[in-house]
Amino acid sequence: MKFEKLSAKTINLRLVEPSDADFIYSLRNDELFNKHLSLTSGVVGDQKKWIEKYKEREAEGKEYYFIIQRLDNNHSIGTIRMYDFKDNPASFCWGSWILNKDKTNSAALESALLIYNLAFKSLSFEQSHFDVRVNNEKVIGFHKKMGAEIVSENDLDYFFIYRKDVFLSSMAKFNKFLVG
Ligand SMILES: CC(C)(COP(=O)(O)OP(=O)(O)OC[C@H]1O[C@@H](n2cnc3c(N)ncnc32)[C@H](O)[C@@H]1OP(=O)(O)O)[C@@H](O)C(=O)NCCC(=O)NCCS
């Protein structure tokens with residue numbers, strides 16, 4: 001799939017390549033960022049193999065994994081991934097969401113908005129489903145502020161739904177983060 005330019009005010013998204021294995025490995029193994037993520041085992045070579053398998057799922061339109069880059073210097077500053085695509089209702093999960101210290105102030109919001117914009121306007125999804133660790137208060141707050149709803153929970157996670165109509169009705173407020 002060829003995407004239109006996935007670019008916002010200060011960042012853009014580009015599809016992950018096997019050559020990003022070093023960056024992703026160091027991001028996921030940095031204790032500053034991985035407290036609330038599933039553990040990545042193995043070595044950089046395993047990460048590269050994982051990305052090569054992922055590229056097959058990407059080619060089938062089953063999953064999209066992006067590097068978040070700063071627009072001012074093209075440095076890679078994080079990752080974000082769409083996966084677990086479902087029908088009736090058309091729903092996608094997103095995660096692998098990490099930003100390093102080189103992020104811009106609004107990179108979190110911009111990257112989430114770019115994913116929702118792509119999913120709801122180009123890929124015809126009706127909603128997003130995702131889970132957040134119950135102790136990841138900051139990220140829970142982020143999703144609630146966006147208008148996502150907690151639909152269930154267990155000891156480990158809150159399960160959220162974010163609907164297309166909520167996104168579309170917030171567009172006027174968010175446009176300034178999407179336009180460069
Ligand atoms: C998850 C992660 C990418 C979020 O990035 P972040 O920069 O911490 O995100 P923030 O919630 O601070 O949001 C960034 C800014 O956007 C603002 N913002 C967030 N939602 C907003 C909204 N709906 N409207 C306007 N502004 C908003 C925030 O207030 C914040 O601005 P501030 O710094 O001036 O307060 C980052 O914390 C991270 O890498 N965490 C480790 C990995 C992780 O836990 N991933 C999630 C697994 S579910």
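Mentor: Helices, of at least four residues, and strands, of at least two, are DSSP runs numbered from the N terminus. The model is predicted.

Trainee: Where is the place of Asn34?
Mentor: Helix H1 covers 21-28 and helix H2 covers 44-59.

Trainee: Is Asn34 buried or exposed?
Mentor: The relative accessibility of Asn34 is 16%. Buried means under 20%, so at 16% Asn34 counts as buried.

Trainee: Is Asp72 buried or exposed?
Mentor: Asp72 is in the loop between strand E2 (64-70) and strand E3 (76-86). Its relative accessibility is 56%. Exposed means over 50%, so Asp72 counts as exposed.

Trainee: Which side chain has a polar contact with that of Asp72?
Mentor: The contact joins two side chains at 2.8 Å. The partner of Asp72 is Arg70.

Trainee: How far apart in space are Asp72 and Thr104?
Mentor: In sequence, Asp72 and Thr104 are 32 residues apart. In space, C-alpha to C-alpha, the distance is 10.0 Å.

Trainee: What is the phi of Ser96?
Mentor: Ser96 is in strand E4 and is buried, because its relative accessible area is 12%, under the 20% limit. Ser96 is not a glycine, yet its phi is positive, at about 45 degrees.

Trainee: Is the peptide bond from Asn88 to Pro89 cis or trans?
Mentor: Most peptide bonds are trans. Pro89 lies in the loop between E3 and E4. With omega near -5 degrees, the bond from Asn88 to Pro89 is cis.

Trainee: Is Cys93 buried or exposed?
Mentor: The place of Cys93 is in strand E4. Its relative accessible area is 4%. The limit is under 20%, so Cys93 is buried.

Trainee: How far apart in space are Cys93 and Arg133?
Mentor: Along the sequence, 40 residues separate Cys93 from Arg133. From C-alpha to C-alpha the distance is 15 Å.

Trainee: Is Asn117 buried, partly exposed or exposed?
Mentor: Asn117 lies in helix H3, and its relative accessibility is 21%. Buried needs under 20% and exposed over 50%. The value for Asn117 lies in between, so Asn117 counts as partly exposed.

Trainee: How many residues surround the ligand?
Mentor: The closest are Trp97, Leu99, Lys103, Asn136 and Lys138. By class, the shell has 11 nonpolar, three polar and three charged residues. The number of residues around the ligand is 17.

Trainee: Which helix supplies the largest share of that shell?
Mentor: Strand E4 (91-99), helix H3 (107-122) and helix H4 (137-146) each supply at least two residues of the shell. The largest share, five residues, comes from H4.

Trainee: What share of the ligand's exposed area does the protein bury?
Mentor: Taken alone, the ligand exposes 950 Å². The space the ligand takes is the largest pocket. Of the area exposed by the ligand alone, the protein buries 71%.

Key
Residues numbered from 1 in each chain as written. Predicted model: local features only at pLDDT ≥ 70, side-chain atom pairs only at ≥ 80, totals over all residues. Heavy atoms only, no water. Near = heavy atom within 4 Å. Areas by Shrake-Rupley, 256 points an atom, 1.4 Å probe, with all protein chains shown as cover. 1 Å grid on protein atoms, 1.4 Å probe; cavity = no way out; pocket = protein on both sides within 12 Å on 5 of 7 lines; lining within 4 Å. Sits in = over half its atoms within 2 Å of the grid points. Nonpolar A, V, L, I, M, F, W, Y, C, P; charged D, E, K, R; others polar. Buried < 20%, exposed > 50% of the residue type's maximum accessible area, 1.4 Å probe, protein only. Polar contact = N/O pair within 3.5 Å; in protein donor to acceptor, adjacent residues only side chain to side chain.
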